[in-house]
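Trainee: Can we go through this one together? I'd like to begin with how the chains meet.

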Amino acid sequence: MINKVYPSPQAALDGLIRDGITLMVGGFGLCGIPEKLILALRDSGAKNLTAISNNAGVDDWGLGLLLQTRQIRKMVSTYVGENDEFARQFLSGELEIEFVPQGTFAERIRAGGAGIPAFFTRTAVGTPLAEGKEHHDFEGHTYVMERWLKADVSLVKAWKADTVGNLVYRKTARNFNPMMAMAGRVTVAEVEEIVPAGYIDPDSVHTPGIFVDRIVRTVSVKRIEQRTTTPRA
Amino acid sequence: MPLTRDQITRRAAQELRDGFYVNLGIGMPTLVANHVPAGMQVWLQSENGLLGMGRFPYDDEVDADLINAGKQTVTAVPGASFFDGATSFAMIRGGHIDMAILGAMEISEEGDIANWMVPGKMVKGVGGAMDLVAGVKRVVVTMEHTTKKGEPKIIKSCTLPLTGKACIDMIITELCVMHMRENQGRRRFEVTELAPGVTRQDVERATAAEIWWSPDLKAIEA
């Protein structure tokens, strides 16, 4: 039987990371990011990476760490407001960025995982993000064609895995992880708990194990970007 | 007296209906949640994957895995659901969300909106704004009528890069309420309500677009 469980984040990335590859990295802000796999990716020293991720982390956590070390050449993202180093590299031309509307971002990744090379959407029609792209009318409305996104390696974060790779996510830490798990040629999942096969109710599986090649258990830091609270009366 | 930000969002809350699924933008629109009428159930959608967003958590309830699209810690109300980004935007792009309330930098007289980038300044990205204006059934803008320098934001055609074309249905500012109307193939905003003490001249001075006036002009109650 193939063993999908790896002993460390470094071991889980062994043989997968090379200069110039394209990676998908799950998470929304710092919520649901594969934080220890990102550290292992940094330590691999790989350069000229393309990172497909909703955001770019903050200066000293998440993908921001790989910007500090200049390992990322291009980002495909929807919003990158929280990162000063990102702004500096972008304005100086060191870093290439492709901005994508968030719904188009999610759907392009889903399409990549589902074998759908392109689709049409109304989102961004008439805006700079639709310029130069093919348009088509359907039932009286104009739509723009968007292409799939795929990755050499997808790094995702889940709450729980079983030993055969079925994944369960927790709350809003799910975000883009399920689609990215489908769109990676190889997918590595960082999880908080690994249980034996059969211990996750098949009705409760979010990502079926077919999409997951490697699993590693870590202890998450789970940094919070905006701690907002209600005072107790 | 022009409306305060609190009154603008209170007036926006009057557009909500029982059972509505609503997405509130970051900034002033977020305040609309404070004015949902008692006895009405409104489901707040947060596009990072939460339907049924509740208040901010108490200190001992804070959960790093439960945030909103502004990356703030939040809670989920009874009946809430969590889902992935593709499902979230299927709600938005598939026309399942009843209303979005957003801010804007510019709005054209035909209802185009610009609210995501200023040329020459650092572009942070567009997030979900283009999906919301293209896909949600009814798009309401709450904003100040003019820029901080006093320049009109409702103008003939947008000078900033667009977020969406002909997609704004209603505008609520400190001066007035406007609804998009169509008449013989032309689309313009019609002023239907004025803030107390605000005159037609005040609105016209602060607007650089052709606007229509309702024959049944009312005072804003907020």
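Trainee: What is the area buried between chain B and chain A?

Mentor: About 4000 Å², buried area being the accessible area (1.4 Å probe) that two parts lose on being put together, summed over both. Carbon and sulfur atoms give 61% of that area. This is a predicted model, where local features need pLDDT of at least 70, side-chain atom pairs count only at pLDDT 80 or more, and totals for chains, interfaces and linings use all residues. Residues are numbered from 1 along each chain as its sequence is written, chains are lettered from A in the order in which they are written, and side-chain values use heavy atoms, with hydrogens and water left out.

Trainee: How many salt bridges across it?

Mentor: The rule finds 6; it asks for a side-chain nitrogen of Lys or Arg within 4 Å of a carboxyl oxygen of Asp or Glu. One salt bridge joins B:Asp63 to A:Lys171, with the closest N and O atoms 3.1 Å apart.

Trainee: Switching to chain A, which residues of helix α4 are buried?

Mentor: In α4 (residues 84-91), A:Glu85, A:Phe86, A:Ala87 and A:Gln89 are buried, that is, under 20% relative accessible area (1.4 Å probe, protein chains only). Their cover includes α3 (64-68), β4 (72-77) and β5 (96-99) of chain A.

Trainee: What sits just after α4(A)?

Mentor: A:Gly93, with a positive phi of about 85 degrees.

Trainee: Last topic, the largest nonpolar core. Which members touch the most others?

Mentor: B:Ile168, B:Met178 and B:Val203, out of 59 residues. Such a core is a set of buried Ala, Val, Leu, Ile, Met, Phe, Trp, Tyr and Cys residues joined through side-chain atoms within 4.5 Å. A second, separate core has 46 residues, including A:Ile33, A:Phe99, A:Val186 and B:Val123.

Conventions:
Buried means under 20% relative accessible area, exposed over 50%, partly exposed in between (1.4 Å probe, protein chains only). Helices (H or I, at least four residues) and strands (E, at least two) are DSSP runs, numbered from the N terminus. Contact means heavy atoms within 4.5 Å.
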